[in-house]
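Work through the exercises below with the sequence and the model in view. Each task is followed by a solution in steps.

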Amino acid sequence: MSVFFVGVLAVGATRLVGSFSLATTIQGEQARARNLAELFLTEVLRARYAQPDEPDHWGLEDGEVDPNDPLNRDGYNDLDDYDGLVSQPPCDRNGLPLDGYAGYGVSVEVKYVDPVNIDVASALDCKLKRIQVTVSDPKGKTTTLRALRSSASANDNIPQAATTYVTWADVRLRLGDEPQPRRRGANLFNRVVAP
Amino acid sequence: MTSRRDISLSRHGRKARGSAYVFIVGAAMLLSVIGLGIVAASRLQVRAQGLSRDAEEASFTASSAVEHGLATIANNPGWRTSYTHGVWTASISLNRGTFTWKLVDQHDNNLANNNSHSARLYGKGVVGAATRVYSVLLEVGADSLVHVQPASWRTELNE
């Protein structure tokens, strides 16, 4: 009887530890998915609302993608350049695969929306765009993050003299003995003149 | 009739059984404490991650509130009379939360009485237990349009 009692307890404890370990793994994957979504969303938000010389053009303009390096997003300079972007495996802005994100995928959607109803895409430019980043993790679970950008945003103020600003920071954090650094993006809401 | 040897064996058996029960109860208590500790740690971790996720999403939601306010004002030349100083707009859903914004006339608490007065636009995002508020200062430019004053974006802690 006592052996049975101890056995039940041992099995229960083992299952508890197992479920705790599984939950930790799932939480880790979800946290990585959120980090990835934030990294992409902040990268998109650092861009201008529209191409200054072709404000009505939707999508990438000529010369913004290097045919020899199609994964490189260095030429993406306005929000709608990112519409339809699929990055799998996820790559950073320079087109290099992000360490530790094997099995993840990222897609970006940019739409005009009317401020009166931001849930429905608009055919007209109502001076507001909705950016949606969707990340799928190795188990197929998706994480979606949305943000809005206005054409009157501080990012779209045209300075009186040509100036180079820092609008976004790519942050890499290595926590404890994690093999891969965590990547985060941060938007600088107030413009910082590049040194 | 019970012999002295039988009594000794019986006492020894009871002693052994007693030790086994103490061991079992001890092991059970130890496993219970470990189990409860694991459950508590797991719950705390889930809660901390949830709060962190809420705070991050609230940040995007609050910045979106500011952008929504800017677009709404840019689309509405009569915004000074459409909105009342210090009154939050109706909440709009975004991500897992909601946002709202308000305008504050920093000169005389009246948006409608002077077109040249600057106003501060506050955007609030609420996701779960997290709330974030950002604000920007709006000024009227030489083109009579409203512009965000450079370097005026700030995080509000007391809204």
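**Exercise 1.** Where is the place of Val87(B)? Then decide whether Val87(B) is buried or exposed.

Solution. Residues are numbered from 1 along each chain as its sequence is written, and chains are lettered from A in the order in which they are written. The model is predicted: local features need pLDDT of at least 70, side-chain atom pairs count only at pLDDT 80 or more, and totals for chains, interfaces and linings use all residues.

Step 1. Val87(B) sits in the loop between helix H2 (79-82) and strand E1 (92-94) of chain B. Helices (H or I, at least four residues) and strands (E, at least two) are DSSP runs, numbered from the N terminus.

Step 2. A residue is buried with 20 or more other C-beta atoms within 10 Å of its own, exposed with 12 or fewer, and partly exposed in between, the C-beta atoms being placed from the backbone. Val87(B) has 11 other C-beta atoms within 10 Å, so Val87(B) is exposed.

**Exercise 2.** Name the residues that Leu41(A) touches, leaving out residues up to four places away in sequence.

Solution. Contact requires C-beta atoms, placed from the backbone, within 7 Å. In chain A, Leu41(A) touches Ile131(A), Val133(A), Leu145(A) and Ala147(A); in chain B, Leu41(A) touches Phe60(B).

**Exercise 3.** Which element gives the most to the side of chain A that touches chain B?

Solution. Step 1. Chain A brings 33 residues to the contact, and chain B brings 33 residues.

Step 2. Helix H1 (2-45), strand E5 (142-150) and strand E7 (182-193) of chain A each supply at least two residues of that side. H1(A) gives the most, with 14 residues.

Definitions and conventions:
Two residues are in contact if their C-beta atoms, placed from the backbone, lie within 7 Å.
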